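User: I'm new to this one and would like to learn how to read it feature by feature. Could you walk me through it?

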Amino acid sequence: FFFNDPATTEIYTEQIVGSVRCVQETGYQRRVHGEHKNESLIRELFESEKFEVAYQNLLEKSKDQEFAREVVKQINMNCPLSLRIIFELIKKCRHLSLKQCLEMDYRIAMKFIDSKDFFEGLRCIFYERGAQPQWSHSNPLDVTQKEVDYYFEKLDELQELKL
C-alpha cells in the first residue's frame, strides 16, 4: 500500500488507531499524544461504513476545506484498489482480536503480492522513479466490492498464517 505523504498516512493511521479494538487490547491509550488538529473533520469524513459515502463526503468537504482538498489530492495519487482494501480492513478490524487482525492483514498481503498493482507500485518507486503509475483502476469508485472481498477470503489451509 503506497502512502508517500505523511498527511495521508496520518489520516489512515488515525482511523486505525481510533477504530480497531485489537489495538485497544494492547493497552494503548488513544489520547497519549493529544488530539490531532483535524480529528473532528477526520471522524466526520470517515464515519460512514460505505467507502462511496465517505469518499463523496471527502469530495464535498474539499470544496471549502484546505485539509480535505489536500487529502483528496493525496488519495488520488495512490492505488485505488489499496485505498478500498484499507477502508474495508479498518471497518472489519473494529470487531476482531489482535490475532484475527494479523491473520487478515497477512491474507491481504499474500494476495496483493500477486496483483498487477503491487508490481506497478514497485516499478514507479524503484525502477522508474517519478513515473505515473498505471493502476488497474483509475478511481477508487471504480473498484467493485467483489474485488475488495477477494482480498479478505481465506487462503489455502497451508498458506494461512498460524499464530
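User: Let's start with Glu128: is Glu128 buried, partly exposed or exposed?

Analyst: Go by relative accessible area: under 20% is buried, over 50% is exposed, and partly exposed lies in between (1.4 Å probe, protein chains only). Glu128 has a relative accessible area of 42%, so Glu128 is partly exposed. Keep in mind that this is a predicted model, where local features need pLDDT of at least 70, side-chain atom pairs count only at pLDDT 80 or more, and totals for chains, interfaces and linings use all residues. Residues are numbered from 1 along each chain as its sequence is written, and side-chain values use heavy atoms, leaving out hydrogens and water.

User: Which residue does Glu128 form a salt bridge with?

Analyst: Side chains of opposite charge can pair when their charged atoms come close. The cut-off here is a side-chain nitrogen of Lys or Arg within 4 Å of a carboxyl oxygen of Asp or Glu. Glu128 pairs this way with Arg123, and their closest N and O atoms are 2.7 Å apart.

User: How many salt bridges does a search of the whole structure find?

Analyst: The search turns up 12. Some are linked up: Glu88, Lys91 and Lys92 form a network of salt bridges.

User: Which parts of the chain does the salt bridge between Arg94 and Glu49 link?

Analyst: Helices (H or I, at least four residues) and strands (E, at least two) are DSSP runs, numbered from the N terminus. In the Arg94–Glu49 salt bridge, the closest N and O atoms are 2.4 Å apart. The pair links distant parts of the chain, 45 residues apart: Arg94 is in the loop between helix 6 (80-93) and helix 7, and Glu49 is in the loop between helix 3 and helix 4. Arg94 is buried because its relative accessible area is 18%, while Glu49, at 42%, is partly exposed.

User: And what about Lys61 and Glu44?

Analyst: They form a salt bridge too, with the closest N and O atoms 2.9 Å apart. This pair also links distant parts of the chain: Lys61 sits in helix 4 (residues 51-61) and Glu44 in helix 3 (residues 39-45), 17 residues apart. Lys61 has 25% relative accessibility, so Lys61 counts as partly exposed. Glu44 is partly exposed as well, at 36%.

User: How many helices and strands does the protein have?

Analyst: There are nine helices and zero strands. To see how a helix is read, take helix 5 (residues 66-77): its 12 residues reach 17 Å from the first C-alpha to the last, close to the 16 Å expected. That expected span is 1.5 Å times one less than the number of residues. The buried residues of helix 5 are Phe67, Ala68, Val71, Val72, Gln74 and Ile75.

User: Where is Cys101, and is Cys101 buried or exposed?

Analyst: Cys101 is in helix 7. Its relative accessibility is 8%, so Cys101 counts as buried. The C-alpha atoms of Cys101 and Ile90 are separated by 9.6 Å, and the two residues are 11 apart along the chain.

User: Which residues does Glu160 touch?

Analyst: Contact means heavy atoms within 4.5 Å. Not counting residues up to four places away in sequence, Glu160 touches Tyr106, Arg107, Lys154 and Leu155. Glu160 lies in the segment after helix 9 (145-150) and is buried, with a relative accessible area of 11%.

User: What share of the protein's residues is buried?

Analyst: Buried residues make up 42% of the 163 residues.
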